[in-house]
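Subject: Handover of a structure and notes on its features

Dear colleague,

Please find the structure below, which I am handing over to you for your work. My notes on what was found in it follow directly after.

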Amino acid sequence: MIIAVVSVIVVLAIGVAVAVAIGARSSDDSTTSAGSTTTTKAGPLSGTSTAPLAPGSKGVLIPTYRVAYDVPSAWTIHSDSDPMSFTTANGSVDGRGQATEGADYCPGSVYRAMAAVTSSTETDLAAAAKSVAKISAAGGYSDPTGGKISTPTSLKTQSGVSGQFVETSGAWTPQIPGCTANAYSVYTFGFRNAATTTLVLTILVDRGTTGELTADQAKKMIDSLRWTGSRTRWPGIIGSPRSSSSIETCAGCSRSGSTASNTPR
């Protein structure tokens, strides 16, 4: 695959209460309530890792967006200065909170799997998930068609973040001989953070190779997505936490490949 995953930012106004909640930040935690809106303010976040939700995993922190997600323990969490990015005819991706697995596992692929959170200019979460999936397929796997995209599915993560899930997949032959990989899958989850920025958690996976990330593992990564740092609750955006066993899935979810920033796979 060619690489990376990127975000695309869309800030949605939710009224004065939200503006105050986002604008007023201090190093001390405090809670205020106004009607049905409750905000807990926190100081600036830093670093690239955080405590995982599941034992045996690693927690990836994205301070810029104040969100986090888990990856398998064998994955590598990259520095904030090493985003996953590429540009295609359909748009660009600039993913933050990059995490990867299987670096140079075969001659024609930079990573066996990779993930990151990107921003999106789309206001509709389903449209955002589909757009980033197509861009990732084109940029990561040189597939100008964007692959076979599934119908967007509503999903709520373990911590209660609601969004839209999409998968796209297709055939892929590495440009350099020596890889058994013959296909890819891209999983995307469009959601909003506490600042109501439209974001997309994106996972790219090489298919047809030993040790590839399974569909269930990719969904567990998405299920671990949560807000971190400051927490602001607005009706309809964040609901009650629920068991990971209730995560919605799409039919025929498969795998995608991954690569390093702007590096052909």
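Is phenylalanine 191 buried or exposed? In this predicted model, phenylalanine 191 counts as buried because its relative accessibility is 0%, and buried means under 20%.

**Aromatic pairs**

The whole structure was searched for aromatic pairs, and four were found. One of them is formed by phenylalanine 165 and tyrosine 187, which are stacked with 6.3 Å from centre to centre and 25° between the planes. Since phenylalanine 165 belongs to strand 12 and tyrosine 187 to strand 13, the pair ties together parts that are 22 residues apart in sequence. Both phenylalanine 165 and tyrosine 187 are buried.

Phenylalanine 189 and phenylalanine 191 form another stacked aromatic pair, with a centre-to-centre distance of 5.6 Å and an angle of 15° between the planes. Phenylalanine 189 likewise counts as buried, at 0% relative accessibility.

**The disulfide**

The structure has one disulfide. The cysteines that it joins are cysteine 106 and cysteine 179, with an S to S distance of 1.8 Å. Cysteine 106 is located in the loop between strand 8 (91–101) and strand 9 (113–119), while cysteine 179 is located in the loop between strand 12 (162–171) and strand 13 (183–192), so the link ties together parts that are 73 residues apart in sequence. The angle about the S-S bond is 95°, and the link is right-handed. Cysteine 106 and cysteine 179 are both buried.

The loop between strand 8 and strand 9 also holds serine 109. Serine 109 is buried, as its relative accessible area is 2%. Its side chain makes a polar contact with the side chain of aspartate 206, at 2.5 Å.

**Two residues with positive phi**

Serine 142 has a phi near 55°, which is a positive value in a residue other than glycine. Serine 142 sits in the loop between helix 2 (125–141) and strand 10 (148–149). With a relative accessible area of 39%, serine 142 is partly exposed.

Threonine 196 is also a residue other than glycine with a positive phi, near 60°. The loop that holds threonine 196 runs between strand 13 and strand 14 (198–207). Threonine 196 counts as buried, at 1% relative accessibility.

**The largest pocket**

Rolling a probe the size of a water molecule over the atoms shows where empty space is left. The volume of the largest pocket is about 280 Å³. Its lining consists of 15 residues, and those closest to the centre of the pocket are Ala54, Ser57, Asp70, Lys220 and Met221. Two or more lining residues come from each of strand 5 (67–72) and helix 3 (215–223). Helix 3 gives the most to the lining, with four residues. Sorted by class, the lining of the largest pocket has seven polar, five nonpolar and three charged residues.

With kind regards

Notes
Residues numbered from 1 in each chain as written. Predicted model: local features only at pLDDT ≥ 70, side-chain atom pairs only at ≥ 80, totals over all residues. Heavy atoms only, no water. 1 Å grid on protein atoms, 1.4 Å probe; cavity = no way out; pocket = protein on both sides within 12 Å on 5 of 7 lines; lining within 4 Å. Points joined across faces, edges and corners; volume = space filled by probe spheres on them. Nonpolar A, V, L, I, M, F, W, Y, C, P; charged D, E, K, R; others polar. Disulfide = S-S within 2.5 Å. Buried < 20%, exposed > 50% of the residue type's maximum accessible area, 1.4 Å probe, protein only. Polar contact = N/O pair within 3.5 Å; in protein donor to acceptor, adjacent residues only side chain to side chain. Phe/Tyr/Trp six-rings, centres within 6.5 Å; stacked < 30°, edge-to-face > 60°.
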